[in-house]
Amino acid sequence: MIKELLKRSEKLVRQIIYDSFSRLSVRSRKLSVLYYFLFDRSFDREIQAVLAGKIQHIDEAKKTKNNYFLLIRNTHRIEKGLLMKPRRDLFGKEYITETIDSFEAIWNLGKDDKANPQIKWFYDVLNEYFSTINLSHPVIATEEARFKRIINEMPSTAFKTQTAKSIPYHRAKQPVNNVNYAQFYDLCKQRRSVRWFLDKPVPRELIDNAILAANQAPSACNRQPFEFRIFDDPEMVKKVVQLPMGTSGYGHSIPVMIVLVGNLDAYFDERDRHVIYIDASLASMSFMLALESMDLSSCSINWPDIEARESKMHSFLNLKPYQRPIMCMGIGYPDPDGLIAYSEKRPLHQIRKYN
Ligand SMILES: Cc1cc2nc3c(=O)[nH]c(=O)nc-3n(C[C@H](O)[C@H](O)[C@H](O)COP(=O)(O)O)c2cc1C
């Protein structure tokens, strides 16, 4: 009895200290850091993964010089330079050397990867850059000579002679698509989280189609720092369905599970640590709408930031230290007899403010 009383008072005292310290800590950044150091280590894994990503990125840029994310980002920066009005005579001198470093290494590593249209994009954009930029700057002149040497040593690939170039183009040349607002709004409304699916296999080709649509989503500097990990083997689906928390009661109905994984090695700086979540979410939305256009449905499933679950997911997916699960998704053919939550949305005036 006394033991129980002591235990309860100790718990109460702890709660009081905890409450007062958290209220005090919120007033200062340093105290907030101390609070999370002393009482709550939830952020530790994120910090470690961000650091692991940064180091991987820097090592690939400086040691092995084959940083694919860097090459994408810098190709994107060059394209932006090429489309500026007016176009500057000289730009890119700060990053052209690292760009050519990675271009050379990635070309050498992936020259047989004919299925990768990004290699053509790198090649075409760099070609355009060097044929229009002012070559009087010594850094640009040196890199142009290196680029020429690299491409001259390239075996003749089809894209070297293709007339259609993967470089900035005029919007007017694009065909106007014929989906009108009403049709698009209907598709958005049709997409609702479906939790009851038919016991019917989903053709991989349709999943790939949806991923191709997701692949068109915007991403910061075009880096697309994510991967779709797909499980359609029933035994594996059974396992992966258990990993997040939000599948209870209906998990057994899911025929295909997807885990979106973010790659933190896409960044050299902590300022971009949230971009994996933003970019993967934008791609997910296109993915879900594409599924709807093919009579398939989906349910987003939260990925809770809980250590025990994360370590299970890490070993299940064999993730690198700089990879983090972002969200899961159950997909399949919707069961016409299954109920769907109505999920009325917030009114316009609550979610928008002008100026
Ligand atoms: C990030 C995210 C996490 C979600 N997590 C779960 C989940 O764990 N379990 C679940 O049944 N639904 C989950 N949902 C689905 C939401 O409950 C659903 O999107 C919301 O209620 C609105 O309904 P609607 O999708 O039909 O418009 C999640 C949705 C999102 C975007």
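Visitor: How far is the polar side-chain atom of Lys345 from an oxygen atom of the ligand?

Guide: This is a predicted model, in which local features need pLDDT of at least 70 and side-chain atom pairs count only at pLDDT 80 or more, while totals for chains, interfaces and linings use all residues. Residues are numbered from 1 along each chain as its sequence is written, and side-chain values use heavy atoms, with hydrogens and water left out. A polar contact is a pair of N or O atoms within 3.5 Å; within protein, one must be able to donate a hydrogen and the other to accept it, and residues adjacent in sequence count only if both atoms are side-chain atoms. For Lys345 and the ligand oxygen, the distance is 2.6 Å.

Visitor: What share of the ligand's area does the protein bury?

Guide: Accessible areas come from the Shrake-Rupley method with a 1.4 Å probe, and for residues only the protein chains shown count as cover. Taken alone, the ligand exposes 610 Å², and the share buried by the protein is 64%.

Visitor: Which residue has a backbone N or O atom 3.0 Å from a nitrogen atom of the ligand?

Guide: The residues around the ligand, each with a heavy atom within 4 Å of it, include Arg191, Tyr250, Cys299 and Asn302. This shell divides into three nonpolar, five polar and four charged residues; Ala, Val, Leu, Ile, Met, Phe, Trp, Tyr, Cys and Pro count as nonpolar, Asp, Glu, Lys and Arg as charged, and the others, Gly among them, as polar. The backbone atom in question belongs to Ser300.

Visitor: Is Ser343 buried, partly exposed or exposed?

Guide: The side chain of Ser343 places an N or O atom 3.1 Å from an oxygen atom of the ligand. Ser343 is in the loop between β4 and α14 (348–351), and its phi is positive, about 50 degrees, although it is not a glycine. Buried means under 20% relative accessible area, exposed over 50%, and partly exposed in between (1.4 Å probe, protein chains only). Because its relative accessibility is 35%, Ser343 counts as partly exposed.

Visitor: Which residue just after α12 takes a positive phi?

Guide: Helices (H or I, at least four residues) and strands (E, at least two) are DSSP runs, numbered from the N terminus. Helix α12 (residues 275–293) has 19 residues and reaches 27 Å from its first C-alpha to its last, close to the 27 Å expected at 1.5 Å a residue, the expected span being 1.5 Å times one less than the number of residues. Its buried residues, among them Val275, Phe287 and Leu291, are covered by elements including α9 (181–190), β2 (256–263) and β3 (297–302). The residue with a positive phi, about 65 degrees, is Asp295.

Visitor: Why does His57 count as buried?

Guide: His57 lies in helix α3 (residues 44–62). Beyond its neighbours within four places in sequence, His57 is in contact (heavy atoms within 4.5 Å) with residues including Asn67, Phe69 and Tyr267. His57 is buried because its relative accessible area is 5%.

Visitor: What is the omega of the peptide bond from Lys85 to Pro86?

Guide: Most peptide bonds are trans. Pro86 is placed in the loop between α4 (68–83) and α5 (96–110). The bond from Lys85 to Pro86 is cis, with omega near -10 degrees.
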